[in-house]
Amino acid sequence: MSQNLSSGPEPTVADLDRPLYTPIKRRSFFMYAGATAGATALVLAGCDKDDNNSPGMVNVGTSDVGVLNYAYALEQLEADFYTQVRTGTYYTTIANAVEKQILDDLYYHEVIHRDFFKAAITAAGATPIKALTTVYPANTFSTKASVLNTAKAFEDLGVAAYNGAAQYITKPDYLYLAGKIVSIEARHAAIIRDLVTEGSFVGSDIVDIAGNSLEMSKLPSVVVATANTFLADGSKLDVSGLG
Amino acid sequence: MNFLQILSAIEKVDPEVYDRLDSRRSVFKHMSGVGQKLTAAALPLFVGAVFNKVYAQTPGGLAVNDVLNFALKLEYLEMYFYQQRTALVGLSSVNSTALSLIATDEANHVKFLRNTLGSAAINDPTAAAFDFTGGKGSNAGPFADYRTNPVTYLALAQSFEDTGVRAYKGAAPISSVMANKTVLTAALNIHSVEARHASHIRAMRRGGASSANPSQAAAVSPYSTAPKSWISGTDNGGAVPGTTNAIYGAGNNSGAGTATNVTYLAEDNNVQGGVTLTTSTSAAFSGFPTTAFTEAFDEGLDVGTVSTIARLFTVTGSTLF
């Protein structure tokens, strides 16, 4: 019989029930209950990586909030990109009405995603990461080819990133939210790819067409290797706490 | 016997054990014989009963193979539908190639799901299970000319793709799927491919069957014939208003085929994660069209509602959906 449970006051149903409501209370339950080897390991695991910021990098954190902040970071990148697109030479002087209509919608959607995540992370009682500073190669916003190819890279990356990070989400409502957004990113990716090359809405570079026709999802560590090339020093992402 | 060590050991093989206990904490309250005080002698029995409850299939919660077979049914529907594309009249070569590409993807999804399920897979329903005219087997329903008329065909294609996106999205948070990371990731990797298809079919409908560059066609409100590549509001009832409205409507939030803590709302929903999204939610949203807040998020559907939609295209007597 459990030494831990019998060493304190006689446990009641309420005592057993209450500590299971939230992770914080769960942790205090084990602290209160005393130090078996297993319980100690759990307490340590609960504290793992909380303060593991790499110098000069933005650590998205761990677990559900880590995934939300990771998504917030990627949405910041996309929102900033389309914001700059709309003041660039391609959009203001070259793009036709249809291309502008599409880029306007993508701008709205990504800015909405960005500020939604900031609000949702705050509402969840967690802290959003800071506003990130972006960097782009020269003349990114000047030509049709560079704008659309950069958009294609971001949208495809976003789809692969959400698909690859979903496995780290524990709450069904958060997973559902990620699902609501990733299909929008996929819709974006398809039309942008079609604008680049008609009929390339799926392609062997992003979907395993020769095999199972599954999107080729990417783990956070792979995604940030690309994303960080568009982020300034001090804004580069550290996703070591995920997975 | 050490209750804490048991939990800890289980957590090593099942990291979600605490969530299972948490989301089903009512078992503690409803377990008979523990109304007042849990005695030391009763604890082993109590613990055993708790785990039986937690790991048994939840009433209303589908097992992972049930969800995979549901996906397989939808993929069969799509696969047999795209096999019917060959008699379409007036397709440009780029549009013809695109439909072939989508047909390949859907056939690959069927193959993949069959391989994943192995002997648990349902039998192939065959093309005979479906009537894509919506005639329940009469082959003379409201979409009777779908095999030759690309307008009808693409209207159906958009309906099936948008339904597929909503179905995968709604099923992903079902607990048995979330608990299997391999299945979850694979399902999402199909989900996004369906969304790419949906986006492209919508572009094809904007441009028309003979267009050589469908992505360059303008979306025109109310979008029933020239839709955006994403769903705006409830899309005015979809490709065939009056028939396809349910594809953009609300789902059922209880019973089998729903996920815990998930509410299946209509596509015009603008409240996400408890945050109401309007032009005043953030200074950056100032001047945004109100439709943008619904376009920025797709919504999922429960298994039951998707089945009701799919049943429009099976023959009378079919028990597939």
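Let's start with the order of elements in chain B. Along the sequence, the pattern reads α-α-α-α-α-α-α-α-α-β-β-α-α. That gives 11 helices and 2 strands. Keep in mind that this is a predicted model.

Some totals for the chain. Chain B has 321 residues, and 57% of them count as buried. Its accessible surface is about 12100 Å². Carbon and sulfur atoms hold 55% of that surface. Now take the contacts in chain B with a separation of 6 or more. Of these, 69% are between residues 24 or more positions apart.

Now to helix H6 of chain B. It covers residues 93-117, which is 25 residues. From first C-alpha to last, H6(B) reaches 36 Å. What follows H6(B)? Gly118(B) does, and its phi is positive, near 60°.

H6(B) has partners. Take H5(B) to begin with, residues 64-82. How do H5(B) and H6(B) lie relative to each other? Their axes cross at roughly 150°. Angles over 145 degrees count as roughly antiparallel. So H5(B) and H6(B) are roughly antiparallel. Their axes come within 9 Å, and the crossing is left-handed.

Who touches whom here? On the H5(B) side, the residues include Leu68(B), Leu72(B), Tyr76(B), Met79(B) and Tyr82(B). On the H6(B) side, look for Ala103(B), Ala107(B), Val110(B), Arg114(B) and Leu117(B), among others.

Next partner: H9(B), residues 181-207. H6(B) and H9(B) pack at about 160°, with axes 11 Å apart. By that angle, these two helices are therefore roughly antiparallel as well. This crossing is left-handed too.

The H6(B) residues at this contact include Asn95(B), Ala98(B), Asp105(B) and Phe112(B). From H9(B) come, among them, Ile190(B), Val193(B), His197(B), His200(B) and Met204(B).

One last stop: Val151(B). This residue sits in helix H7 of chain B, residues 150-171. Is Val151(B) buried or exposed? Exposed, with a relative accessible area of 65%; the cut-off for that label is over 50%. Now find Leu88(B). In sequence, Val151(B) and Leu88(B) are 63 residues apart. In space, their C-alpha atoms are 9.7 Å apart.

To recap: H6(B) runs roughly antiparallel to H5(B) and roughly antiparallel to H9(B).

Notes. Residues are numbered from 1 along each chain as its sequence is written. Chains are lettered from A and ligands numbered from 1 in the order in which they are written. This is a predicted model: local features need pLDDT of at least 70, side-chain atom pairs count only at pLDDT 80 or more; totals for chains, interfaces and linings use all residues. Side-chain values use heavy atoms; hydrogens and water are left out. Helices (H or I, at least four residues) and strands (E, at least two) are DSSP runs, numbered from the N terminus. Buried means under 20% relative accessible area, exposed over 50%, partly exposed in between (1.4 Å probe, protein chains only). Contact means heavy atoms within 4.5 Å. Accessible areas come from the Shrake-Rupley method with a 1.4 Å probe; for residues, only the protein chains shown count as cover. The expected span of a helix is 1.5 Å times one less than its number of residues. Axes are lines fitted to C-alpha atoms, for helices over the stretch in contact, and angles run from 0 to 180 degrees between N-to-C directions. Angles under 35 degrees count as roughly parallel, over 145 as roughly antiparallel, 65 to 115 as roughly perpendicular and the rest as oblique. A crossing is left-handed if the near helix is turned anticlockwise from the far one by less than a right angle, and right-handed if clockwise.
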